[in-house]
Amino acid sequence: MSTYPIRQIVHFITGLLIVMLLAGGLAAPVAADEPGEPSEPNGPIDLVVQVAPGADCLQLAADYGADLLGAVAPLSLCRLQMDGLQAGDSLAADPRVVTVEEDEVLEAQPRYVGADGADDIMEAQPHYIGAHGGPGPDYHEQWAVGRIRAPQAQALTTGQGVIVAVLDTGVDLNHPLLEGKLMAGYDFVDGDDDPSEETDGIDNDGNGRVDEAVGHGTHIAGIVALVAPDATIMPVRIFDSDGQGTYFDAIEGIVYAVDHGAQVINLSGSGPNSTEALQAAVNYAWDNGVLLVTSGGVNSLGYPALYEHVISVGASDQEDRAADFAVFQEGPPTVYAPGISIFSAYTDGTDYPDQYACAWWSGNSMATPFVAGEAALLFSSGDCDRDCVTSIIPDTKFPEVDNGEAGRIDLYDAAAAALGTTDVELQLQYHSNSSADNEIHPVIQIINEGNTIPFSELTMRYWYTGGDAPYTLTCQQADVGCEHTTSHVVKLNPHRFKADQYLEIGFASTAGYLLGGREGGSVANQILRIDGGLYDEFNDYSFKPTEMPSAWDRVTLYHQGTLVWGKEPRLAILVVDDDLCQPYGAYYEQALNTLGKSYDYWNICLSGAPALADLEQYNIVIWFTGNDYQTTLTYADRANLAAYLDNGGRLFISGQNIDYHIGNQAFFSDYLHAIPAWYNTNVYGLTGYDLMQGLNVNILGGDGANNQANPAGVNLRPGAVGLFNYGGGYGWGGLRWEGDYKVVYLSFGFEAINTAAARVSVMDRILTWLEGEQTQDASNAIFFDDFETSKGWIRNYAGTDTATSGLWQRAIPQQTSYQGWIYQVGATTSGSHALVTGALAGTSPGSYDVDDGKTSARSPAITLPNTGNLTLSFNYYLAHHDNATSDDYLRVTILGQTTETVLEKRGSPTRKQALWTSFSVPIDQFAGQTIYLLIEAADEAGPSLIEAGVDDVMITQ
């Protein structure tokens with residue numbers, strides 16, 4: 001049966017408040033509204049009629065002598081104008097009619113009540129910047145932008161490809177702020193396809209004010225563009241210049257936007273009552289995957305804000321408090337957004353297309369497009385659909401708005417949630433770093449540059465070796481209060497590399513929130529051995545003594561059980577026997593057993609090749625191929641090893657025929673960092689360099705395998721460091737390389753080294769380096785700089801430098817080559833940064849290499865202990881073309897109570913390719929002094945191609 005709810009027309013105001021005055025800067029007080037006069041009983045009225053399937057609106061209007069003002073076919077709705085309210089009773093009884101409702105007034109009408117209670121009206125104050133200027137920081141850097149972290153969110157997503165429909169008073173189509181952002185729209189007030197802002201100079205709503213809402217739609221569109229700069233805006237005019245429209249106008253606008261591709265609809269307007277027709281339009285948008293974002297009215301949400309399938313928005317101020325006009329009697333909206341003194345586009349009412357008219361304006365209306373823009377960011381982030389967007393927006397709000405459970409939006413939180421990222425890091429320091437006591441005392445600090453997270457969703461782990469010692473565990477300090485933390489120790493089975501257990505720290509539900517934007521919290525725990533035994537935390541996986549907190553990826557952080565920071569320790573060593581069922585594995589096991597290493601053994605002959613999942617469990621993989629020369633490292637083996645290394649693995653691989661079999665494969669050059677040189681050197685004595693300095697080995701006879709029919713010689717790829725050399729031009733028999741992973745490659749069989757003592761020594765040096773205790777692990781260092789962060793080096797400290805290009809800088813170097821020779825290495829010896837002369841790639845003299853003189857860099861002050869065996873070590877290269885002379889140089893000098901040059905490398909007319917080389921020197925003569933390291937590079941005698949680099953500078957005792 002048809003229903004006919006009779007409704008009075010009530011003029012209900014939205015939360016549109018005008019402006020903060022340019023001069024005064026005061027937030028607008030609460031807006032007010034007045035009830036309108038009820039319709040005349042026998043006057044013309046507008047009815048919204050839903051017709052039955054097959055019924056014709058035009059015929060229905062003709063039958064009742066009504067004017068057909070509009071129809072919305074997808075919803076079977078028509079708007080009829082008739083005389084007298086009693087006409088509705090007749091329509092309701094017509095079998096062609098499902099429902100009849102009086103059309104309601106929907107308003108976007110700004111109203112202002114002065115402090116003295118007078119009903120004063122204040123126009124939005126246009127702020128003209130200039131005919132050819134831009135809005136500048138008033139627009140892009142206004143308070144709301146930083147508060148909702150728009151720049152951080154826009155670094156992740158910009159709204160590209162998303163259409164936002166702005167249902168409002170129209171838009172200034174020529175406004176420069178909206179240039180290139182608008183698409184075709186429609187005007188449902190005038191019934192044409194020009195949705196421009198219009199003034200008519202008429203008091204259409206009879207409130208004594210003329211055109212008080214003009215510019216409102218342009219202002220809203222400008223906010224959408226501010227939040228989602230790459231979104232497309234569809235202007236749809238449903239309000240006149242006094243800010244008044246009807247439900248049917250809104251219904252037509254909603255359906256039009258949905259049918260023309262909008263994914264988000266912004267409707268900054270509100271009405272007093274619910275109608276079935278308006279509800280049907282909201283459902284139509286929802287059913288088609290479109291999100292409707294709408295403002296609340298003045299202290300009453302109204303409709304469509306109260307419908308289920310919308311995001312309702314209220315205005316918040318600069319202190320994240322609900323605005324005076326946004327404390328709603330029905331309860332809080334879905335979210336709050338900035339809505340006080342918002343600076344955006346405005347229409348100046350002229351035809352000058354380059355005129356930047358802008359204004360400050362306040363209201364729930366201004367808050368709404370911030371959320372519509374947020375929805376556009378989320379839609380454009382990837383796989384986030386309407387359901388995803390409607391879930392993320394209320395779940396990623398700032399928790400401090402003072403209105404029930406609602407909070408203020410945070411765009412970065414939302415974007416990070418849509419992309420599945422959690423941008424946090426852990427920092428570590430110690431209150432005690434002595435291995436001569438019975439306690440471990442880590443202080444772990446969480447730094448959060450990303451989205452706000454409840455502490456209760458986080459847990460941290462410190463991995464250490466505790467054996468079976470009895471212990472007590474206490475929280476000594478926590479920023480959130482120890483009473484809000486939890487902690488316990490978990491023992492591992494099997495043990496991991498330098499860890500047989502971990503301390504896990506969690507948080508209670510009462511701990512509150514870890515806020516985004518580098519807000520953090522620290523927790524200090526103490527593990528105390530009851531039996532008084534000593535903890536050697538220097539041997540722990542997570543240990544890193546620092547005076548100040550610093551980022552450390554060996555403590556781990558979990559968000560809802562998922563690892564989001566750090567690397568868990570792996571099992572220690574996997575030995576992969578790939579020697580065609582020969583007995584060569586015994587030589588590796590003998591060395592490992594002598595060194596007391598824990599390892600697992602995998603025999604491919606018996607078990608087939610290990611999969612990536614098998615390799616990933618181990619910190620170090622040792623792989624040897626024996627006499628094999630046809631099946632060394634199959635395609636699957638190479639793929640698995642490459643993936644293992646890409647994930648930070650550490651590999652020691654040995655085999656005399658690897659280069660013969662796969663020397664032309666990418667794995668050989670890209671992961672072993674070698675170039676084939678000699679398939680068989682017929683040389684059996686090798687000289688040790690770098691890690692093997694002072695250790696010369698023989699690979700013939702003795703108690704070794706004596707199996708070297710083809711000891712290979714290789715050349716080094718950029719960044720590789722030679723370990724063993726055959727001499728006589730036969731190249732290298734071993735190398736190491738370090739970047740995101742570590743690899744040691746011996747191009748002869750380790751098993752052939754002819755004494756057990758030499759094999760043990762070689763294995764020990766390789767494993768010590770792979771375990772990270774020689775270069776990247778600077779636990780015992782007095783000073784260490786891998787140039788990944790700034791440590792305070794000063795360029796040209798004495799003011800005497802003369803070089804005009806190629807100046808020292810801490811940077812990620814680009815590979816520089818000239819005539820086939822590499823002069824700047826595109827890889828560092830650890831991490832991604834090094835100290836280099838002109839990081840950009842150069843191809844000729846004067847192109848980012850050192851030119852016209854000297855460049856220098858001096859370290860920060862380094863205080864040395866009074867006694868001890870002090871050693872300075874670093875990696876370096878000096879590379880030059882054949883136009884260099886002996887006047888060109890790389891020089892490292894120690895400045896203390898005396899000055900001493902510890903390294904000087906000179907140029908020459910012979911080309912020298914860039915290869916990282918390790919250097920170390922005793923510096924006991926400087927004990928007890930405060931010193932500086934001075935690094936200089938020079939091109940002193942005419943234009944030469946000169947490049948230099950330094951990395952991993954370390955002083956140890």
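The model is predicted. Its largest nonpolar core holds 71 residues, and the disulfide count is three.

**Nonpolar cores**
- Phe370 and Val371 touch the most other members of the largest core.
- Helix α9 (residues 364-379) contributes the most to this core, with ten residues.
- Contacts of Phe370 include Ala144, Ile148, Ile223, Leu226 and Val227. Pro338, Ile342 and Leu411 are also among them.
- A separate core has 44 residues, including Leu571, Val743, Tyr745 and Ala811.

**Helix pair α12 and α18**
- The axes of α12 (residues 585-595) and α18 (residues 756-770) come within 9 Å. They cross at roughly 70°, so the two helices are roughly perpendicular.
- On the α12 side, the contact includes Tyr587, Tyr588 and Leu592. On the α18 side, Arg759, Met763 and Asp764 are among the residues met.
- By class, this contact has nine nonpolar, two polar and two charged residues.

**Disulfides**
- Bonded cysteines, counted along the chain, pair as 1-2, 3-4, 5-6.
- Cys384 is joined to Cys388, with an S to S distance of 1.9 Å. The S-S torsion is about -90°, so this disulfide is left-handed. Cys384 is buried, at 5% relative accessibility.
- Cys475 and Cys482 have sulfur atoms 2.1 Å apart. Their link is left-handed, with -75° about the S-S bond. Cys475 is partly exposed at 24%, and Cys482 is partly exposed at 26%.
- Cys581 and Cys605 have sulfur atoms 1.6 Å apart. The torsion is about 90°, so this disulfide is right-handed. Cys581 lies in the loop between β32 (571-577) and α12, and Cys605 in helix α13 (residues 604-607), 24 residues apart.

Definitions and conventions
Residues numbered from 1 in each chain as written. Predicted model: local features only at pLDDT ≥ 70, side-chain atom pairs only at ≥ 80, totals over all residues. Heavy atoms only, no water. Core = buried A, V, L, I, M, F, W, Y, C linked by side-chain atoms within 4.5 Å. Buried < 20%, exposed > 50% of the residue type's maximum accessible area, 1.4 Å probe, protein only. Helix = DSSP H or I, 4+ residues; strand = E, 2+ residues; numbered from the N terminus. Contact = heavy atoms within 4.5 Å. Axes fitted to C-alpha atoms, helices over the stretch in contact; angles between N-to-C directions. Parallel < 35°, antiparallel > 145°, perpendicular 65-115°, else oblique. Nonpolar A, V, L, I, M, F, W, Y, C, P; charged D, E, K, R; others polar. Disulfide = S-S within 2.5 Å. Lists of a residue's contacts leave out its neighbours within four places in sequence.
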